Amino acid sequence: MNEWTREEAEKTYNISTWGEGYFDISPEGDLVVKPSPEAKSINIREVVEEMRSQGVSLPAVIRFHDILRSQVRKINQSFSEVIKEANYNGKYCGVYPVKVNQMREVVEEIVDAGEEFNFGLEAGSKPELLSVLAYNTNPEAITVLNGYKDEDYLSLALLGRQLGRKIIIVIEKFSELPKLLKLSQEYQVKPLIGLRGKMSLKSRGRWAKSTGDRAKFGLSTSEMIRAVELMEEYGLKDCIKLFHFHIGSQISDIRTFKEAITEGARVFTQLHKLGCQLEYFDAGGGLGIDYDGSRSSSDSSVNYTLNEYVADIVYGLKQICDIENVPHPNIVTESGRAITAHHSLVITNVVDKISVTQPNFDTKVNDNEHMLIKNMREMHSWVIGEDNFQEIYNEAIQIKEQTLSAFNLGVISLKDRAVIETLYWQIMEGIMNFSEMLEFVPESLSELDNKLAPQYLCNFSVFQSAADHWAIDQLLPVVPISRLNEKPDANCSIADITCDSDGIIGKFINRDGITPTMAIHHLKEDEEYLVGLFLTGAYQDVMGDMHNLFGRLHEVHVYGDNDDPQGFYIEEIIKGNTASGVLSTMQYNPEYMAQKMKKNVSKIVSEGKIPPRLGVKWVDFYEDCLTSYTYLKN
Ligand SMILES: *Cc1c(COP(=O)(O)O)cnc(C)c1O
């Protein structure tokens, strides 16, 4: 028996580093959620059981709203502590950029949790603006409007001003300013204006294009001066309230922030010298998440803590304002990823295993076997030892290559090839097992583990639920939600159920760094194996697409409750797409389809090809499938 402790499971999956204290392992080996330090742990397996009893099948998104609330509190408290400690004179006036997760319930929860801090919202498009107008009703909280704007967008913003809201229109492009001035005269409303600067520092990582002369957004220095002059002409210079920049998302290196704050603070104080009484300094988004738990400046990690980030902004800005004798502005940040990433996860069930090895194929000796089979058999019969494993390995690979050529020339049969390949994989497995005992594994063999690793086929679509893993190689933690008190005795990669070879997860967080396979348990007959995909709350929830017509997932919203025996309750269930739902978005008419199928079936019934009873059954079945979930039934 292998002794296996929770601590080892925790290290294998790096849970405490990426989990921010929200995830843990129970003594029974189940993954649990701790919404806050005082809260009872919530067992994810129990949430799934309760979901199921309420008719929600897998795959599903589980949202822990307490985590959202807790993240909103954390960021606000961190700023207020550092501001106090630094004797900084401004306040923190954060906003949540809704593009990161626009789900109404998510926005409502953040607004509610942020009320006591006057936490606001940010929008970057007309539809987003429509939502923040309706939801950010706190007159003390600001609303920041970014993105490209047409007259409707600007007019909606002025409507918000008329309602007494602190709505700040950030000018991304110079041409927006004359349009805004015209409209504000027309409606007789004074706007609150922000200027977005094009930052010249070199950002690092995936979003490096957000800065530099060719950045898509922001005003160049000359445009910024022209903007101030134009406002002066109109006698509205006092409407310029905010300076904004955004240097990209998931900034992994703290140095990038330091440089941005320095450049931003300089522009800010210069604008002050041009006579703009700016009230807000908006440092944008970028606060990253340690997806891989490595605490490094790699793309999926961050080399700083929340407090370090906050301190760099507060102290950096204070220093330059003090030198320049400019009053300390209120500080705005637009953190979306950091607030939402942890609160949601995707649960999927393993439906099958795809292996390269076929242990059950019959390889017994026949008369007149082809030489290639004989050769492979010989390798198979050798006892693997320190002095010959390399030779067996090389030889077996060569015979397999020759086999493929022989097969393509029509020299050997499909059956011969199957025998050779079966023997080949058995040899490779033997070598792998042997190499595990070696102190030093030659480089050529180190890949063997991954070559032999099966794929666990999971009931979900990477394109719907982990878009960034497919698009930009974003790492997301993947962890079995049970059996964590058992040593994982296998390695696998994850395949989804789309008909797309890109539909895989082949990059995992491991105690040894990033690996192409993850540690997993052997599947048991009659026991379901559930895997969680974590940190999907930022962007993944809303960027997923309908590849293969796999639609949106079922969702459950969970709240912690210390008085509940299980420590939680499901507050809301949102059903995912049905087949007819996704078909409708592609212009199909499911009712028409059902009628057409019914006619076709009636025809074969009337021709006497099938009995009426069966005909009715087929029609009902087709209609049932139309109204069912798009994923595999379980
Ligand atoms: C996307 C975006 C954000 C959010 O960035 P995160 O890194 O997710 O916090 C903030 N501000 C602007 C202008 C954005 O475009």
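Colleague: Which atoms of arginine 337 lie 3.0 Å from an oxygen atom of the ligand, backbone or side-chain ones?

Modeller: Happy to start there, with the reminder that this is a predicted model. A polar contact needs a pair of N or O atoms within 3.5 Å. Arginine 337 has such an atom 3.0 Å from a ligand oxygen, and the part of arginine 337 it belongs to is the backbone.

Colleague: And how much of the ligand's area does the protein bury?

Modeller: Start from the ligand taken alone, which exposes 390 Å². With the protein around the ligand, the buried share of that area is 92%.

Colleague: Which residue has a side-chain N or O atom 2.6 Å from an oxygen atom of the ligand?

Modeller: Glycine 286 also faces a ligand oxygen, at 2.9 Å, but through a backbone N or O atom. The side-chain atom at 2.6 Å belongs to serine 249.

Colleague: How many residues surround the ligand?

Modeller: The closest are Lys99, Ser249, Glu334, Gly336 and Tyr539. By class, the shell holds 3 nonpolar, 8 polar and 5 charged residues.

Colleague: Let's move to a helix. What span is expected for H14 at 1.5 Å a residue?

Modeller: Helix H14 covers residues 389-408, 20 residues in total. From its first C-alpha to its last it reaches 29 Å, which is close to the expected 28 Å.

Colleague: Why do the buried residues of H14 fall on the same side?

Modeller: Those buried residues are Phe389, Ile392, Tyr393, Ala396, Ile399, Thr403 and Ala406. They sit on the same side of H14 because the arc they cover around the axis is only 155°.

Colleague: Which exposed residues does the face turned away from the buried side of H14 carry?

Modeller: Exposed here means over 50% relative accessible area. On the face of H14 turned away from its buried side, the exposed residues are Glu401 and Asn408.

Colleague: Is methionine 428 buried or exposed?

Modeller: Methionine 428 sits in helix H15, which covers residues 414-435. Its C-alpha atom is 9.4 Å from that of aspartate 449, 21 residues apart along the chain. Buried means under 20% relative accessible area. Methionine 428 has a relative accessibility of 0%, so it counts as buried.

Conventions. Residues are numbered from 1 along each chain as its sequence is written. This is a predicted model: local features need pLDDT of at least 70, side-chain atom pairs count only at pLDDT 80 or more; totals for chains, interfaces and linings use all residues. Side-chain values use heavy atoms; hydrogens and water are left out. A residue is near a molecule or strand if one of its heavy atoms lies within 4 Å of it. A polar contact is a pair of N or O atoms within 3.5 Å; within protein, one must be able to donate a hydrogen and the other to accept it, and residues adjacent in sequence count only if both atoms are side-chain atoms. Accessible areas come from the Shrake-Rupley method with a 1.4 Å probe; for residues, only the protein chains shown count as cover. Ala, Val, Leu, Ile, Met, Phe, Trp, Tyr, Cys and Pro count as nonpolar, Asp, Glu, Lys and Arg as charged, and the others, Gly among them, as polar. Helices (H or I, at least four residues) and strands (E, at least two) are DSSP runs, numbered from the N terminus. The expected span of a helix is 1.5 Å times one less than its number of residues. Buried means under 20% relative accessible area, exposed over 50%, partly exposed in between (1.4 Å probe, protein chains only). The arc is that of the directions from the helix axis to the C-beta atoms.
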